[in-house]
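Reader: Hi! I'd like to talk through a structure with you. Could you put it up first?

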Amino acid sequence: SDTTGYPNVGAFHDDRLYMGGSTSNPDFIAGSITGAYENMAPTTAAGEVLATSGISIRLNSRRLSKVKWLSSNKDGLAVGTGSKEYLLRSQDSTNKTLNPKDGIKAVDSGSRGSSDCNIAEIDTQVLFPARGGRTLREFAYTYESDGYKSPSMSQLASHLGISPFIKQAYAAEPFSIDWCLRSDGTVVGLTYNRDENVVGWHRHDFGGFVESIRS
């Protein structure tokens, strides 16, 4: 609302609409009733909490930080804030569906933090510019840790982030490239294909200041 603020980001997950990052409650995430995306009621008219009822989550962190992005995956709802990354999962290990009756836990999945730039969702991974916008990171599951990590995609091309990334546009075909617009009006691309183990950066000169990109 005009008094409590409006959400900054949103995502669909398990037939619910999740929203977060409002001005007055930056670390708060709300999920709709299942299948009713505009209804956030936490209980029925009789005060009963159902598995399909609306969901309210406040991220527990020593540092208040705004929700920057949300992304759905098979294990839960991935969340990036200005200081940390989380995976929202059900308290019931036998049921991966988030619902208020089983309870929801926010699994700490990193402390890199995210910038205000949009994310790129590619298959089961998320590419996001870290806090400051100078490094592109990958939020992905790793078998070694049996959890989610955020390794740097810029480790061998850190010079390309000397001017912060401000927008991403992913083009799946024909070459699976994540295009990144920098604040200086130049564009770089990341050819990204995890199935073929291909990750490589390239710079492009369009002969002028690029104002916007879109896939």
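Author: Happy to; we can go through rings, cores and a pocket. This is a predicted model, where local features need pLDDT of at least 70, side-chain atom pairs count only at pLDDT 80 or more, and totals for chains, interfaces and linings use all residues. Residues are numbered from 1 along each chain as its sequence is written, and side-chain values use heavy atoms, with hydrogens and water left out.

Reader: Great. How many aromatic pairs are there in the whole structure?

Author: The search finds 7. Rings of Phe, Tyr and Trp (its six-membered ring) pair if their centres lie within 6.5 Å; planes under 30 degrees apart are stacked, over 60 edge-to-face, and the rest tilted.

Reader: And how do the planes of Tyr141 and Tyr148 sit, stacked or edge-to-face?

Author: Edge-to-face, because their planes are at 70°, with the centres 5.6 Å apart.

Reader: Are those two buried or exposed?

Author: Tyr148 is buried at 8% relative accessible area, while Tyr141 is partly exposed at 29%. Buried means under 20%, exposed over 50%, and partly exposed in between, using a 1.4 Å probe and protein chains only.

Reader: What lies over the face of Tyr141?

Author: Lys74, at 5.6 Å from the ring centre. To count, NZ of Lys or CZ of Arg must be within 6 Å of the ring centre and within 35 degrees of the ring normal. Tyr141 also belongs to one aromatic cluster with Trp69, Phe128, Phe139, Tyr143 and Tyr148.

Reader: Nice. Changing topic, which residues have the most contacts inside the largest nonpolar core?

Author: Tyr18, Ile29, Leu59, Val67, Leu70, Val79 and Leu88, in a core of 14 residues. Such a core is a set of buried Ala, Val, Leu, Ile, Met, Phe, Trp, Tyr and Cys residues joined through side-chain atoms within 4.5 Å.

Reader: Which strands each supply at least two residues of this core?

Author: S1 (9-13), S4 (55-58), S5 (67-73), S6 (76-81) and S7 (85-90). Strands here are DSSP runs (E, at least two residues), numbered from the N terminus.

Reader: Last one: what residues lie nearest the centre of the largest pocket?

Author: Gly5, Tyr6, Pro7, Ser22 and Phe28, out of 13 lining residues. Strands S2 (16-20) and S3 (28-31) each give at least two residues to that lining. On a 1 Å grid over the protein atoms alone, a pocket is an open set of points where a 1.4 Å probe fits, with protein on both sides within 12 Å along at least five of seven lines; lining residues have an atom within 4 Å of a point.

Technical notes:
Helix = DSSP H or I, 4+ residues; strand = E, 2+ residues; numbered from the N terminus.
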